[in-house]
Amino acid sequence: YRIQSDRKVAVCSVHPSEQATLQCLGCVKAKIPVAKSYHCSPKCFSDAWQHHRVLHDHAASSVNENGNEEEEIFGRFNSTGSGVVNATLTGSASSTSLTNGSTSLYPAAVTQRSGGETWFEVGRSKTYTPSADDIGHVLKFECVVVDMETKLPVGHPNTILTSRVIPAPSPIPRRLIPVSGTDMMGQLDSDGRISSSGTFTVLSYNILSDTYASSELYSYCPSWALSWPYRRQNLLREIVGYRADIVCLQEVQNDHFEEFFAPELDKHGYQALYKRKTNEVYGGNIHTIDGCATFFRRDRFSHVKKYEVEFNKAAQSLTEVAVQTTQKKAALNRLVKDNVALIVVLEAKFSNQGADNPGKRQLLCVVDFSRSIYRCKPFCRRQAGCDAESWCNANTHLNVPPELKDVKIWQVHTLLKGLEKIAASADIPMLVCGDFNSVPGSAPHLLLAMGKVDPLHPELLVDPLAILRPHSKLTHQLPLVSAYSPFARGVGLGLEHQRRKMDITTNEPLFTNCTRDFIGTLDYIFYTADSLTVEALLELLDEDSLRKDTALPSPEWSSDHIALLAEFRFQTRPRR
């Protein structure tokens with residue numbers, strides 16, 4: 001049944017499945033859209049105040065588009081209790097929906113009245129999919145045992161009530177913005193791929209492991225939107241919608257890869273490769289350990305080779321050679337963090353139009369890296385296995401213990417040296433994608449983007465194992481460039497708006513991770529600029545593009561990170 005109340009009901013602006021219990025009168029006086037003034041509890045209002053007050057700050061210059069005073073006060077009300085639409089059904093109208101889920105074997109609908117509420121029967125099947133008419137209403141599900149012979153009920157019916165039905169969250173579509181000046185601006189959707197035959201697209205996305213998605217850490221996100229059954233479908237819809245040729249995902253749990261992402265993306269033409277984190281530090285269920293997953297479209301690429309990088313093994317090798325025997329245990333405790341990288345060599349199946357040698361195999365090396373770290377407590381991003389000197393902080397990513405920053409630099413340097421060996425053995429373009437858990441301007445970022453780190457950089461001061469010395473060794477020869485740097489330099493149609501979302505001092509986005517406790521850039525796509533060119537980039541999000549509380553995850557976006565996507569073209573001129 002759909003339950004329609006005779007009294008007016010307001011819906012919370014932060015938790016739309018909840019009924020509002022208070023209204024911000026400041027919003028009413030400032031003629032802010034009334035839907036944004038309702039909250040379900042004082043705590044809800046208090047938690048959202050930091051972002052809610054921005055509405056008040058902008059109200060003076062805002063134009064009220066809500067219409068007359070009646071709409072201003074009751075804009076999210078209606079006489080039937082709906083939070084969005086004023087829907088009423090006649091008996092004949094409601095009976096048309098009784099086949100929802102399966103063909104009905106029962107009589108037409110029955111309308112009942114009880115205590116100021118009207119119950120419209122909307123289905124008699126084992127499954128029911130809410131429709132637009134249900135938005136704002138509570139649904140009542142009734143189940144009763146029926147005698148197969150007499151078809152009569154046996155015993156009393158069991159009933160459950162749902163929360164109020166809300167519209168399916170629909171994030172603002174993100175466009176693909178050309179940066180080469182050769183293509184028209186396109187819209188990314190499930191109808192087709194934007195890239196031409198000579199280009200390919202790469203997506204990098206930290207999807208937020210379910211192990212880390214606790215209600216304590218993300219209390220501002222409705223519990224239903226934080227649940228894995230909801231998030232996995234929302235993430236899949238988003239990933240498939242980008243239609244990327246190569247997909248690099250981080251924080252993918254082992255069981256979620258095997259049971260969900262691999263089979264689901266296989267239906268869309270993707271082949272899957274996976275590397276789970278090692279478990280020397282992690283003490284939980286081995287099946288819920290996260291890792292890196294790389295997918296590629298079978299019609300665009302074929303798999304040539306796979307390398308798995310385990311930094312624990314590199315740490316053991318380092319301590320055997322460079323650390324005194326008395327310090328080996330302490331060194332391993334410091335260096336062993338279970339991080340991994342997945343390196344995949346692919347061969348393009350499409351032709352690079354205009355190439356000097358069209359018959360030559362076109363290889364591509366894709367690196368999927370995750371520097372995310374285990375959380376031993378809901379508000380902790382520190383490695384598991386705490387001891388007396390354990391560090392714990394509510395800030396999600398940025399506040400990495402200062403005494404462990406040398407480990408991050410060492411891991412990135414170790415990865416780059418391995419990639420240099422691959423580059424020396426083959427003339428192959430490279431892409432390095434992932435969550436590096438390092439902000440722009442940090443030593444790991446500078447090493448990737450600039451090829452070196454200033455010896456006076458403050459993050460080099462803490463190096464108890466001397467693994468970063470001499471500092472002159474912290475270099476590499478790969479011509480890596482951040483894929484999103486063209487947004488910082490660009491002018492013209494579409495680019496000026498994106499430039500405002502960039503930090504022009506580092507040529508990186510203002511943020512790729514956005515929670516209540518931290519906002520900043522941690523995710524990157526780097527490419528070898530002597531063999532690849534950037535054709536287009538997925539537009540960046542800003543606060544207007546995010547949910548009203550400007551924090552992730554949310555019902556619209558199911559990770560605390562945003563996806564990065566770039567379209568590349570293999571360079572046709574000879575490499576230097």
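**Briefing: strands, helix packing, cavities and backbone**

Val145 stands opposite Val154 of strand 7. The model is predicted. Strand 6, residues 138-146, pairs with strand 7, residues 153-164. Two cavities of 30 Å³ or more are present in the structure.

**Strand pairing**

- Strand 6 and strand 7 run antiparallel to each other and are joined by seven bridges.
- Six residues lie between these two strands in their hairpin.
- Lys151, in that hairpin, takes a positive phi near 65°.
- Strand 6 also pairs with strand 1, residues 2-5. This pairing is antiparallel too, over two bridges.
- Arg2 has Leu139 of strand 6 as its bridge partner.

**Helix packing**

- Helix 8 covers residues 311-322, and helix 10 covers residues 405-425.
- The two helices pack at an angle of about 95°, and their axes are 11 Å apart.
- Angles of 65 to 115 degrees count as roughly perpendicular, so helix 8 is roughly perpendicular to helix 10.
- On the helix 8 side, the contact involves Phe311, Ala314, Ala315 and Leu318.
- Helix 10 meets them with Trp410, Gln411, Thr414 and Leu415.
- By class, the contact between helix 8 and helix 10 has six nonpolar residues, two polar residues and no charged residues.

**The second largest cavity**

- The second largest cavity holds about 30 Å³ of space.
- Its lining includes Ser482, Ala483 and Tyr484. Glu508, Pro509 and Leu564 are also among the lining residues.
- Asp523, Tyr524 and Ile525 line this cavity as well.
- Strand 20 (508-509) and strand 23 (523-528) are the elements that give two or more residues to the lining.
- Strand 23 supplies the largest share of the lining, with three residues.
- The lining of the second largest cavity has six nonpolar residues, one polar residue and two charged residues.

**Backbone features in loops**

- Pro470 sits in the loop between helix 11 (443-450) and strand 18 (480-482).
- Pro553 sits in the loop between strand 24 (532-538) and strand 25 (564-570).
- Lys31 is not a glycine, yet its phi is positive, at about 60°.
- Lys31 lies in the loop between helix 1 (25-29) and strand 3 (38-39).

Definitions and conventions: Residues are numbered from 1 along each chain as its sequence is written. This is a predicted model: local features need pLDDT of at least 70, side-chain atom pairs count only at pLDDT 80 or more; totals for chains, interfaces and linings use all residues. Side-chain values use heavy atoms; hydrogens and water are left out. Two strands pair if DSSP finds at least two bridges between them. Helices (H or I, at least four residues) and strands (E, at least two) are DSSP runs, numbered from the N terminus. Axes are lines fitted to C-alpha atoms, for helices over the stretch in contact, and angles run from 0 to 180 degrees between N-to-C directions. Angles under 35 degrees count as roughly parallel, over 145 as roughly antiparallel, 65 to 115 as roughly perpendicular and the rest as oblique. Contact means heavy atoms within 4.5 Å. Ala, Val, Leu, Ile, Met, Phe, Trp, Tyr, Cys and Pro count as nonpolar, Asp, Glu, Lys and Arg as charged, and the others, Gly among them, as polar. On a 1 Å grid over the protein atoms alone, a cavity is a set of points where a 1.4 Å probe fits but cannot get out, and a pocket is an open set with protein on both sides within 12 Å along at least five of seven lines; lining residues have an atom within 4 Å of a point. Grid points are joined across faces, edges and corners, and a volume is the space filled by probe spheres set on the points.
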